[in-house]
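Okay, everyone, thanks for coming. I'd like to show you a protein chain and then zoom in on one spot in it.

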Amino acid sequence: MIKKTTIRVKKSAMPIYLGGLVWIILACFLKMTQLSDYLICIAAALLTYVISEKVKFKPEVITETTMVPESEQEAANLKLQSERSDILAQLRECDEMIADETVSAQIRRIEKAVGNIYDYLNEHPMAVNKVRKLFSYYLPTLIKLFHSYDKLEDIEMQGEQVKNTIAQIKRSAEIGAEAIEKQVDLLYSDEAMDISSDVQVLETLMKQQGLLDEKIR
């Protein structure tokens, strides 16, 4: 929510007050028992109002401060920034608490890819639907597995089941890093195609004008 200040210039109500005052004064002198008495009061009040309207009374300036919602775009950007900070902080925490450099390296790959995704979303907020499952399921699950890995890693006497689980988490870390990096490529694929088309058009125009050195191509 943000503060919004509105300044309104309200037309002076003085002509209305003066018209009402004339009505009250005449009503005190007239009996107000006949229709003519009411007609006189109405005519006098209206005449006073019309004359007063021509007088330049000081207008009333009204300042109003209200709390209004931020625009959808601003709200979306703030939400993305908050989510980015939270997720990257969780990934760094996992990287720091895990001693195995192999797993830590995969976590750093994921952290870098996630940062790239948020950079893209910052410029293309409507693309958030393309990565909704990544943020709602894949990343939380991977972070949960990393915490589990940290606990299993501290077990001194590791049985076969624990060793197998550790191996599975290592594999999941590698698969997860590859999948998220692929998601980055998919997001930027359309932009890359547009750039490639621009390059082709530029080369074609330069070739037509004899500006393209064949040795450079």
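I'll start with the whole chain and then move to a single residue.

First, the ground rules. This is a predicted model, so to speak of local features we need pLDDT of at least 70, side-chain atom pairs count only at pLDDT 80 or more, and totals for chains, interfaces and linings use all residues. Residues are numbered from 1 along each chain as its sequence is written, and side-chain values use heavy atoms, leaving out hydrogens and water.

The chain has six helices and two strands; these are DSSP runs, with helices being H or I of at least four residues and strands E of at least two, numbered from the N terminus. Going from the N terminus, the order is β-α-α-β-α-α-α-α. Of the 217 residues, 25% are buried, and buried means under 20% relative accessible area, exposed over 50%, and partly exposed in between, with a 1.4 Å probe and protein chains only.

Now, the UniProt record, an unreviewed entry, annotates residues 12–29 as "transmembrane region". Bear in mind that positions are given in the numbering used here, feature names are shortened, and annotations may be inferred rather than shown by experiment. That stretch is 89% helix and 0% strand, and its end C-alpha atoms lie 28 Å apart.

Our spot is Ala27, which sits in helix H1, residues 14–29.

Finally, Tyr38 is eleven residues from Ala27 in sequence, with 8.4 Å between their C-alpha atoms.
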